[in-house]
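Have the sequence and the 3D view open as you read.

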Amino acid sequence: MTSSYPSGRRVAVRSAAVHVPGVAADVFLGAAGTEPALPPEEAHRLLGRKGLLYKEPATRLALCAVHRALGLPPGRPAEPAGQGPGTAVVVSSNYGNVHTVREVVATVRAGSRKDVSPLQAPNASSNVIASTIAIRYGLSGPNLMVCSGAVSGLQALRLAALLIRAGRAERAVVVGVEPDDATVRQLALLRPTSNGRHPQPRAAAACVVLEAADAARADQVLLGAVSHHGELPAAVKDEGTAAQLRLISPGPAAGAPGEVPQALDLSAAVGETYGALGVLQAAAATAWLGARPGPGAVRAALVSGDAEDGWARAELLRPAASPDTGAV
């Protein structure tokens with residue numbers, strides 16, 4: 001079964017950022033910036049200390065990625081981020097709060113629910129990451145959490161685009177994030193693999209800010225169709241791009257003869273990022289597309305998924321001329 005969002009207002013990427021501690025910045029094609037990514041326990045150096053008490057590692061990493069994507073200076077924002085009203089938050093994470101849930105259950109089993117700290121209890125909700133981002137930055141649009149397995153990162157992009165196309169939001173902050181802890185590593189061993197090996201989980205976060213495309217701009221990166229398939233599409237099998245980001249070099253038009261595809265497997269380069277992978281791919285592709293010289297159209301194909309959760313595919317495009325030409 002294949003699904004994709006309907007045509008309507010075009011959607012563009014306003015900004016993107018990657019925050020993956022312990023990985024060289026050049027892996028992400030410029031999306032990681034020049035400052036080193038901070039581990040969760042040092043997130044206060046970017047975010048400020050206020051408001052981080054009892055925040056989980058995944059929430060801290062997500063906040064770092066959003067902070068950088070919004071281009072904010074270090075420290076807690078003194079006021080809501082610009083353009084907060086009408087801004088949606090869509091977060092993809094499958095393991096985000098699972099360690100807290102496990103600890104809360106263990107605490108209740110050993111004693112009673114009275115032993116659970118009131119400050120820890122909110123973290124038992126899977127939506128805690130998305131809600132924390134919205135509260136901290138004053139983003140008052142729709143608020144969604146996507147926990148749909150290996151395809152959830154690209155599905156988060158699809159849902160965010162739907163909100164913009166339907167007029168429910170003017171822009172959307174899309175985040176993919178996963179932690180790395182003992183609980184995550186145990187659960188990762190239960191996931192099916194194609195080669196019999198289980199990749200090492202990697203704590204990672206990425207943020208992509210989407211908005212309605214500006215018809216007067218020709219240099220913006222546009223989000224094309226996002227589709228979900230029950231199995232790896234035949235065309236993708238032929239390209240050999242399973243769970244990879246495929247970069248198409250500049251040419252006279254997308255798909256024109258003579259273009260040279262470049263495949264980037266972030267799972268192989270970084271580690272298992274599960275629900276964050278699709279947004280990581282989108283952030284890296286945005287940086288790559290934005291840095292391409294010349295007037296020709298450039299595009300990137302994003303693919304993520306597995307045999308259990310199915311496959312998702314998305315395209316990003318920097319048009320050759322105006323957004324009204326070179327449609328994806």
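## Ground rules

This is a predicted model, where local features need pLDDT of at least 70, side-chain atom pairs count only at pLDDT 80 or more, and totals for chains, interfaces and linings use all residues. Residues are numbered from 1 along each chain as its sequence is written, and side-chain values use heavy atoms, with hydrogens and water left out.

## The big picture

The protein has nine helices and eleven strands. Those are DSSP runs numbered from the N terminus (helices: H or I, at least four residues; strands: E, at least two). Of its 328 residues, 52% count as buried, with buried meaning under 20% relative accessible area, exposed over 50% and partly exposed in between (1.4 Å probe, protein chains only).

Now for contacts, meaning heavy atoms within 4.5 Å. Take those between residues at least 6 apart in sequence: 75% of them join residues at least 24 apart.

Helix α5 (residues 152-165) packs against helix α9 (residues 277-290) at an angle of about 65°, their axes 5 Å apart. The axes are lines fitted to C-alpha atoms, for helices over the stretch in contact, and angles run from 0 to 180 degrees between N-to-C directions. That makes α5 and α9 roughly perpendicular; angles under 35 degrees count as roughly parallel, over 145 as roughly antiparallel, 65 to 115 as roughly perpendicular and the rest as oblique.

On the α5 side you'll find G153, L154 and L157, which meet G278, V279, Q281 and A282 of α9.

## A strand on the inside

Strand β7 (residues 221-229) has seven of its nine residues buried, so the rest of the structure largely encloses it. β7 runs antiparallel to strand β2 (residues 11-19), joined by three bridges, and V11 sits opposite L223 in β7. Strands pair if DSSP finds at least two bridges between them.

β7 also runs antiparallel to strand β11 (residues 310-318), this time with six bridges. There, S227 has R313 in β11 as its bridge partner.

P77 lies in the loop between α2 (57-69) and β3 (87-92). P77 and R136 are 59 residues apart in sequence, yet 7.7 Å apart in space, C-alpha to C-alpha. Leaving aside neighbours within four places in sequence, P77 contacts H67, L72, R136 and Y137.
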